[in-house]
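I opened the notebook to record what I looked up in this structure. The entries follow in the order in which I made them.

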Amino acid sequence: MPDIPVTVVALLCAASLAAGWIDAVVGGGGLLLLPALLLGLPSATPAAAALGTNKAIAIVGTTGAAVTYARRAPVDVGTAVRIGFAALAGSSAGAFLAAGMSTEVLKPVIMVVLLGVAAFVILRPAFGTAPALGPAGRRRKLAAIGLAGLGIGFYDGLIGPGTGTFLVLALTAVLRLDLVSASATAKIVNCCTNAGALAMFAWQGTVLWRLALLLAVFNLAGGTLGARTALKLGSGFVRVVLLTVVLALVTNLAYEQWVA
């Protein structure tokens, strides 16, 4: 593990706890944790090490949230696992290409998509707040496997931050789930995307395992607490957090694109 001051480690632990909570409620924990790692690690540390370590931390918190949701929320585990396997393949491919591909050209496109998503959620107050309509048909499940699995999984391996948010939105729209059920399903899928990307980063030797293990404990606590909060407060609360995270993600991408 790099030589990091104790105060910086403490701040990284706090960021990991908060990121776990955000990720469990609506996704987007990487929006907080990844920049924290990039700032906290010594300047000589390769950026790939921050990406790999972030995945090692996130998979623990995501798994804790998924277990909490599965125990207390209605989740079609079979469909979630099928989407997850597709997401694992997509994230592995994205992580494989991440080292040699510039993502700068993608950021403006992602910002436009996110702004469109924010406008849609604001203009459709009922989006994701109605109870789930029951099991989705075969076509919708296949569409979810393609979009939420392969497509968003590939994005997760390639870039990462905001994956959980994209999953929640896609699952709500395609499978007609309420936001709490979509968050629960997204956690299972996100476990697979994290696993695929982590396996590739580990193979490339870009994971700081000792630091990841420490921060993962805090991420797990945050993820478990976030899942319980979402289950207790319901879809209306998740919708507010969703809009907040989407707008924060747009701001972060805009800063990286035109200011940093």
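**Entry 1: Thr62**

Which residues does Thr62 touch, not counting residues up to four places away in sequence? I found Asp23, Lys187, Asn190, Cys191, Asn194 and Asn219. Contact here means heavy atoms within 4.5 Å.

Before going on, I noted that this is a predicted model, in which local features need pLDDT of at least 70 and side-chain atom pairs count only at pLDDT 80 or more, while totals for chains, interfaces and linings use all residues. I also noted that residues are numbered from 1 along each chain as its sequence is written, and that side-chain values use heavy atoms, with hydrogens and water left out.

I placed Thr62 in helix H3. Helices (H or I, at least four residues) and strands (E, at least two) are DSSP runs, numbered from the N terminus. Is Thr62 buried or exposed? Thr62 counts as buried, because its relative accessibility is 2%. The cut-offs are under 20% relative accessible area for buried, over 50% for exposed, and in between for partly exposed (1.4 Å probe, protein chains only).

**Entry 2: salt bridges**

I looked for salt bridges, where a side-chain nitrogen of Lys or Arg lies within 4 Å of a carboxyl oxygen of Asp or Glu. How many are there by this rule? I counted two salt bridges.

In one of them, the side chains of Lys187 and Asp23 meet at 3.6 Å, N to O. This pair links distant parts of the chain, with Lys187 in helix H8 (residues 179–203) and Asp23 in helix H1 (residues 6–26), 164 residues apart. Both Lys187 and Asp23 are buried.

The other salt bridge joins Asp76 and Lys141, whose closest N and O atoms are 3.8 Å apart. This pair too links distant parts of the chain: Asp76 sits in the loop between helix H3 (47–72) and helix H4 (77–98), Lys141 in helix H6 (residues 138–158), and 65 residues separate them. Asp76 counts as partly exposed because its relative accessible area is 39%. Lys141 is partly exposed as well, at 26%.

**Entry 3: Thr68**

I stayed in helix H3 and looked up Thr68. Thr68 has a relative accessible area of 9%, so I wrote it down as buried. Leaving aside neighbours within four places in sequence, I found Thr68 in contact with Thr224, Ala227, Arg228 and Leu231.

I found Gly28 in the loop between H1 and helix H2 (30–40). Gly28 is buried, because its relative accessible area is 4%. Not counting residues up to four places away in sequence, Gly28 touches Ile22, Asp23, Gly162, Gly164, Thr165 and Val245. Asp23 is therefore one of the residues that Gly28 touches.

How far apart in space are Gly28 and Phe166, C-alpha to C-alpha? I read 8.6 Å, for a pair 138 residues apart in sequence. I then looked up Val8 and Gly146, which are also 138 residues apart along the chain, and their C-alpha atoms are separated by 40 Å. Val8 is in helix H1, and it counts as partly exposed because its relative accessibility is 23%.

**Entry 4: Arg176**

Most residues other than glycine have a negative phi. Arg176 is not a glycine, yet I noted a positive phi of about 60 degrees for it. Arg176 lies in the loop between helix H7 (163–175) and H8. At 43% relative accessibility, Arg176 counts as partly exposed.

**Entry 5: the whole chain**

Last, I looked at the chain as a whole. How many helices and strands does the chain have? I counted ten helices and zero strands. The radius of gyration is 17 Å, close to the 18 Å that the globule rule gives for 260 residues, so the chain is as compact as a globular protein of that length. That radius is taken over C-alpha atoms, and the rule is 2.2 Å times the number of residues to the power 0.38. The C-alpha atoms fill a box of roughly 50 × 35 × 30 Å along the principal axes.

Of the 260 residues, 55% count as buried. Among contacts with a separation of 6 or more, 84% come from residues 24 or more positions apart.
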